[in-house]
Amino acid sequence: MRTIGVAIAIPEPWASQLQDYRTSLGDATATMIPTHITLVPPTEIHDDLLPDVESHLEAAAARVAPFSVHLRGTGTFRPVSPVVFVAVVQGISGCEQLANTVRQGPLDQKLSFPYHPHVTIAHDLPDASLDKAFGELADFECEWAVEEFHLYVHDDADGWRPTREFALRAALTG
C-alpha cells in the first residue's frame with residue numbers, strides 16, 4: 001500500500017513564500033508538504049493499482065483545458081476544522097471541474113467535507129497562530145495559468161513528493 005494525493009502545485013516564488021510562512025508559524029509538517037491546491041486528498045492504494053491511476057490521470061488531463069487561478073486574501077474552516085487558508089478567488093470552477101474529473105474511476109471516493117479549493121497556510125496550530133496567519137496574509141495575492149497537475153506520493157521520511165506531472169490538454173472553447 002502507498003498513500004497518494006493529486007494536486008495543483010503553486011508556482012514559485014509563491015510556493016516557497018507560503019511554505020516558509022507556514023514553517024515560521026511552527027507547523028512542523030510544513031517542510032513535508034509542497035504548497036498546493038488539493039484535487040484528491042490523501043488516498044491509500046495498492047501498489048499494483050498505480051499504473052491504472054496514472055492512466056486515469058492522463059485521460060483526465062486530456063479532458064480539461066488550462067485555466068487561470070487567482071489567490072487573494074485568507075479564509076478559515078474554523079470552528080469545523082483548525083485551518084487557515086489563502087482563498088481561490090478566480091479559477092474555482094476550473095479547480096472543481098478538474099477535481100471532479102480526477103476523482104472518478106480508480107480515485108472515486110466520498111469526501112469528508114464538500115470540495116472547496118484553497119491553499120492551506122496554517123493547520124492544527126494554536127488559535128493565536130491561526131489568528132496571526134489569518135491577519136498577516138490577508139493581503140496575499142498571486143495569479144498564474146494552471147497548465148498541469150501532479151500525482152504526489154507520501155513517504156514517511158520525505159513527506160509528499162511529486163512523482164508525475166499531467167499536462168491539461170483539452171482545447172479551450174468559447
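Colleague: I'm starting with the largest cavity: which element gives the largest share of its lining?

Modeller: Helix 1 (residues 14–24) does, with 3 residues. Helices (H or I, at least four residues) and strands (E, at least two) are DSSP runs, numbered from the N terminus. This is a predicted model, so local features need pLDDT of at least 70 and side-chain atom pairs count only at pLDDT 80 or more, while totals for chains, interfaces and linings use all residues. Residues are numbered from 1 along each chain as its sequence is written, and side-chain values use heavy atoms, with hydrogens and water left out.

Colleague: What counts as a cavity or a pocket?

Modeller: On a 1 Å grid over the protein atoms alone, a cavity is a set of points where a 1.4 Å probe fits but cannot get out. A pocket is an open set with protein on both sides within 12 Å along at least five of seven lines, and lining residues have an atom within 4 Å of a point. Points are joined across faces, edges and corners, and the volume is the space filled by probe spheres set on them.

Colleague: How many cavities of 30 Å³ or more are there, and what lines the largest?

Modeller: The count is 1 cavity of 30 Å³ or more, and the largest cavity has a volume of about 40 Å³. Around it you'll find Leu18, Gln19, Arg22, Ala30, Ile33, Pro34, Thr35 and Thr120. That lining divides into 4 nonpolar, 3 polar and 1 charged (Ala, Val, Leu, Ile, Met, Phe, Trp, Tyr, Cys and Pro are nonpolar, Asp, Glu, Lys and Arg charged, the others, Gly among them, polar).

Colleague: And the largest pocket: how much space does it hold, and which residues lie nearest its centre?

Modeller: About 950 Å³ of space lies in there. Of the 33 lining residues, Thr38, Pro41, Pro42, His118 and Thr120 lie nearest the centre. Strand 1 (2–9), strand 2 (36–45) and strand 5 (118–123) each give the pocket lining at least two residues, with strand 2 supplying the largest share, 7 residues. By class, the pocket lining has 19 nonpolar, 11 polar and 3 charged residues.

Colleague: Let's do strands. Is strand 3 largely enclosed or largely open?

Modeller: Strand 3 (residues 67–76) is largely enclosed by the rest of the structure, because 7 of its 10 residues are buried. Buried means under 20% relative accessible area, exposed over 50%, partly exposed in between (1.4 Å probe, protein chains only).

Colleague: Which strands pair with strand 3?

Modeller: Two strands pair if DSSP finds at least two bridges between them. Strand 3 runs antiparallel to strand 6 (residues 141–146) over 6 bridges; there, Leu71 has Cys142 as its bridge partner. Strand 4 (residues 83–90) is also antiparallel to strand 3, joined by 5 bridges, and the two form a hairpin with 6 residues between them. On that side, Gly75 has Phe85 as its bridge partner. Gly75 is in strand 3 and is buried at 11% relative accessibility.

Colleague: How do I read a pair of aromatic rings?

Modeller: By the distance of the centres and the angle of the planes. Rings of Phe, Tyr and Trp (its six-membered ring) pair if their centres lie within 6.5 Å; planes under 30 degrees apart are stacked, over 60 edge-to-face, the rest tilted. This structure holds 2 aromatic pairs. Phe77 and Phe85 have ring centres 4.6 Å apart and planes at 35°, so that pair is tilted. Phe77 is partly exposed at 26% relative accessibility, whereas Phe85 is buried at 6%. Phe149 and Phe166 have centres 5.4 Å apart and planes at 20°, so they are stacked. That pair links distant parts of the chain, 17 residues apart: Phe149 in strand 7 (residues 148–155) and Phe166 in strand 8 (residues 159–167). Phe149 is buried at 0%, and Phe166 is buried at 0% too.
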